[in-house]
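Work through the following exercises with the sequence and the model side by side. Each task is followed by a solution that goes step by step.

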Amino acid sequence: MSPPPSDLRPLALGEIIDRAATFWRKHFKTLFLLSLGFNLVSYILTKGLQLAAQRSYGAILTALRGQDLSALASEYGRFLPMLVAILGISYWVYSLNTLAVARYVVPTQLGESASPADGMQRVLKKAGTFTGAYLLSLLWAVGAMLLMMLPGALLTGAGGLIVVRTEGAVSGARVLGWILVAVGPILMALGLLGGLLWYLLRFSLLAPVLAMEELPVVRSFRRSGALLSGRVAPGFTGRVTVRAMLLVTVVSLILLAVSILCGLPAMLVQLTHGNPLDPAAAAANPVPQSLLVPAELLQVVGQAVFNPLGIVVYAMLYLDMRVRREGLDLERRLEAR
């Protein structure tokens, strides 16, 4: 059984993970049903991107062989926006899945009755509000990424300027320019990665907030940040951002391991037709979709089985923040008297 309201208390990081794993095992079937549809939608989007990438790769090779720069630019101009859009929509679908699961997990942890239908109804009810908050979070993410990439961009620009101005000369300044040109893109890549990690951390509770609270777009956006600010205990791990970072890392590792494990059947099918990491070989000897699609559907089912474990961690973190910051455990005990 799920813990009764009297069992609510501040949890250590290990306890959050342990309680999430216990909940996942005991509510395995319900969580699977809540996640399967969302995973199928993500698969359809990813499959469309995969087929588009194969077509674009062939067009890019043709443009390179013919040295047709306009065709090359046109192909990149079509594919890159589609790539960004599908990745953004896929994460939106995953976040909606988090909202549905949180609507089931949190009430159950509070000792209330909950069903998968409650989660889906909540998704339908809050889809518009969540989409607005999600788009607002993406704007913040773009700003954070650009800001973190700025030092690398400045170094690259400065290095390029030095190299151009010292052209034809062999000097320490020219060597410094080349060093800056080499280091700048590395810093830009690290800044991009840092911005992405910041985004995953900063808005990790956005879906649980909208799952449980009646808030408009801007207030839910601010609420998710307020729950993850400041500290809740002494010491380094007492900072909420550190606690959330550790849990987000655990969730990310879980999802990565699940993705690799569940992707093995599809990878084996691709290996029988050549090296899947070689786009040229894959284009010359494509895997028949009649073999690849069933293997990929096995991957979808496997992800629907294991991905909820990571999502439950976010719901547990939300509940723990409510207990620590707002005394939700005391409030529930008073209501039970």
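**Exercise 1. Cavities**

Task: Determine how many cavities of 30 Å³ or more the structure contains, and state which residues line the largest cavity.

Solution: A volume is the space filled by probe spheres set on the points, with grid points joined across faces, edges and corners. The model is predicted, so that local features need pLDDT of at least 70 and side-chain atom pairs count only at pLDDT 80 or more, while totals for chains, interfaces and linings use all residues. Residues are numbered from 1 along each chain as its sequence is written, and side-chain values use heavy atoms, with hydrogens and water left out.

The largest cavity has a volume of about 120 Å³, and its lining is formed by Tyr91, Tyr94, Ser95, Thr98, Phe130, Tyr134, Tyr199, Phe203, Ser204, Leu206, Ala207 and Tyr314. Two or more of these lining residues come from each of α3, α4 and α6, helices being DSSP runs of H or I with at least four residues and strands runs of E with at least two, numbered from the N terminus. The most is given by α3, with four residues. By class the lining divides into nine nonpolar, three polar and no charged residues, with Ala, Val, Leu, Ile, Met, Phe, Trp, Tyr, Cys and Pro counted as nonpolar, Asp, Glu, Lys and Arg as charged, and the others, Gly among them, as polar.

The second largest cavity has a volume of about 60 Å³ and is lined by Leu8, Arg9, Leu11, Arg19, Gln109, Met316, Leu319, Asp320 and Val323. Here α11 gives the most, with four residues, and the classes are five nonpolar, one polar and three charged.

**Exercise 2. Salt bridges**

Task: State how many salt bridges the whole structure holds, and decide whether lysine 47 is buried or exposed.

Solution: Eleven salt bridges are found, a salt bridge being a side-chain nitrogen of Lys or Arg within 4 Å of a carboxyl oxygen of Asp or Glu.

One of them joins the side chains of lysine 47 and glutamate 296, at 2.9 Å from N to O. This pair links distant parts of the chain, with lysine 47 in helix α2 (residues 28-65) and glutamate 296 in helix α11 (residues 289-326), 249 residues apart. Lysine 47 counts as buried because its relative accessibility is 10%, the classes being buried for under 20% relative accessible area, exposed for over 50% and partly exposed in between, with a 1.4 Å probe and protein chains only. Glutamate 296, at 8%, likewise counts as buried.

A further bridge joins glutamate 214 and lysine 125 at 3.4 Å, N to O. Glutamate 214 lies in the loop between α6 (206-212) and α7 (217-226) and lysine 125 in helix α4 (residues 116-165), so this pair ties together parts that are 89 residues apart in sequence. Glutamate 214 is exposed at 52% relative accessibility, and lysine 125 is exposed at 55%. Both belong to a network of salt bridges that links Arg122, Lys125, Lys126 and Glu214.

Arginine 324 and aspartate 320 form a bridge in which the closest N and O atoms are 3.0 Å apart; both residues lie in helix α11, four residues apart, about one turn of the helix. Arginine 324 is partly exposed, at 25%, whereas aspartate 320 is buried, at 2%. Aspartate 320 is also among the residues that line the second largest cavity.

**Exercise 3. A pocket**

Task: Find which element supplies the largest share of the lining of the second largest pocket.

Solution: A pocket is an open set of grid points with protein on both sides within 12 Å along at least five of seven lines. The second largest pocket has a volume of about 170 Å³, and Gly194, Leu197, Trp198, Leu200, Leu201, Met245, Val248, Thr249 and Ser252 line it. At least two lining residues come from each of α5 (172-202) and α8 (240-262), and the largest share, five residues, is that of α5. The lining holds six nonpolar, three polar and no charged residues.

Key. 1 Å grid on protein atoms, 1.4 Å probe; cavity = no way out; pocket = protein on both sides within 12 Å on 5 of 7 lines; lining within 4 Å.
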